Amino acid sequence: MLEFGTYKMADVLFYIFAGLTLLCGIMMLVSRNPVNSAMFLVLTIASLAGLFVLLEAFFLAAIQILVYAGAVMVLFLFVIMLLDLKAEERRRLKILGIAGGVISVGAIGALFFKSLAQTPLTATRSPDFHAGTIDLGKLLFSQYLLPFEIVSVLLLVAMVGVILLSKKDLK
Amino acid sequence: MNHVGLEHYLAVSFLLFALGLFGVIIRRNVLVIYMSLELMLNAANLALVAFSRFNNNLDGQVFVFFTITVAAAEVAVGLALIVALYRKRQTAHVEDLRTMKL
């Protein structure tokens, strides 16, 4: 294991990916052009995939890149291009909206810190934890077979619904 | 020696969720609000994967797998709704969509 001073390589990578995730999230919020927002969301999702790799969830990291950064964000960009959205003109931010945002974020933050302070986090990573694609697939096709099939039906329903919704005259 | 533990991942997940919530409340563009919703979903996914790894239990990862699938379906339906709304009203700002407001 590579070491930098007292820090392990994985810890350094954690701080890099976490910082990148949060930075791109903030940039997504503050950029006025929706295309820039979408691009920063792609970067956020890619660095989240890095965090998944650090947590040894390799299959989920691949799925995150393929489904989110690939399919979902292409859909977002298609819609932005289709609607031909201009950069948001500088509207005055309502003081009420900002106050509401700060209050709700503060409430959730208070909940988070209170529950974190009360719970002793004794969980540790055991080194012989097998979380490969094979183990995930075995679990998915034995214990979680019924939810898996239901999700496939859900995707079909969503597809039919989208085709119906995008017809010209909704009648 | 500083070791990254579960609480670090939970803190990142919380901050990401807070960013998404803040975006949903203060942004005015429907599409950006939708992207902030995706950010909140991703924050929940990160917390689930972290719990799964630190409790040495694979069920959390299966749950995240289902979440990603449902999110993909949800994005498709939501964007179709936004496009239908834009065709009717020619706007993507929540302030201009006030038909159901008193």
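A: What follows describes the contact between the chains, then chain A as a whole, then one pair of helices in chain B. The model is a predicted one.

The contact draws 70 residues from chain A and 57 residues from chain B. On the side of chain A that touches chain B, helices H1 (9-30), H2 (34-54), H3 (58-83), H4 (95-118), H5 (133-142) and H6 (145-165) each supply at least two residues. H3(A) gives the largest share, 11 residues. By type, this side of chain A has 50 nonpolar, 14 polar and six charged residues.

Chain A itself holds six helices and two strands, in the order β-β-α-α-α-α-α-α from the N terminus. Its radius of gyration is 21 Å, well over the 16 Å that the globule rule gives for 171 residues, so chain A is more spread out than a compact globule. The C-alpha trace of chain A spans about 55 × 45 × 35 Å along its principal axes. Of its 171 residues, 19% count as buried.

In chain B, the axes of helix H1 (residues 6-26) and helix H2 (residues 30-54) come within 8 Å and cross at roughly 165°. That angle is over 145 degrees, which means that H1(B) is roughly antiparallel to H2(B). Their crossing is left-handed. Residues making this contact include B:Leu6, B:Tyr9 and B:Phe17 of H1(B) and B:Val32, B:Met40 and B:Phe54 of H2(B). The residues of the contact of H1(B) with H2(B) comprise 19 nonpolar, five polar and no charged.

Technical notes. Residues numbered from 1 in each chain as written. Chains lettered and ligands numbered in written order. Predicted model: local features only at pLDDT ≥ 70, side-chain atom pairs only at ≥ 80, totals over all residues. Contact = placed C-beta atoms within 7 Å. Helix = DSSP H or I, 4+ residues; strand = E, 2+ residues; numbered from the N terminus. Nonpolar A, V, L, I, M, F, W, Y, C, P; charged D, E, K, R; others polar. Axes fitted to C-alpha atoms, helices over the stretch in contact; angles between N-to-C directions. Parallel < 35°, antiparallel > 145°, perpendicular 65-115°, else oblique. Left-handed = near helix turned anticlockwise from the far one by under 90°. Rg over C-alpha atoms; globule rule 2.2 N^0.38 Å. Buried ≥ 20, exposed ≤ 12 C-beta atoms within 10 Å, placed from the backbone.
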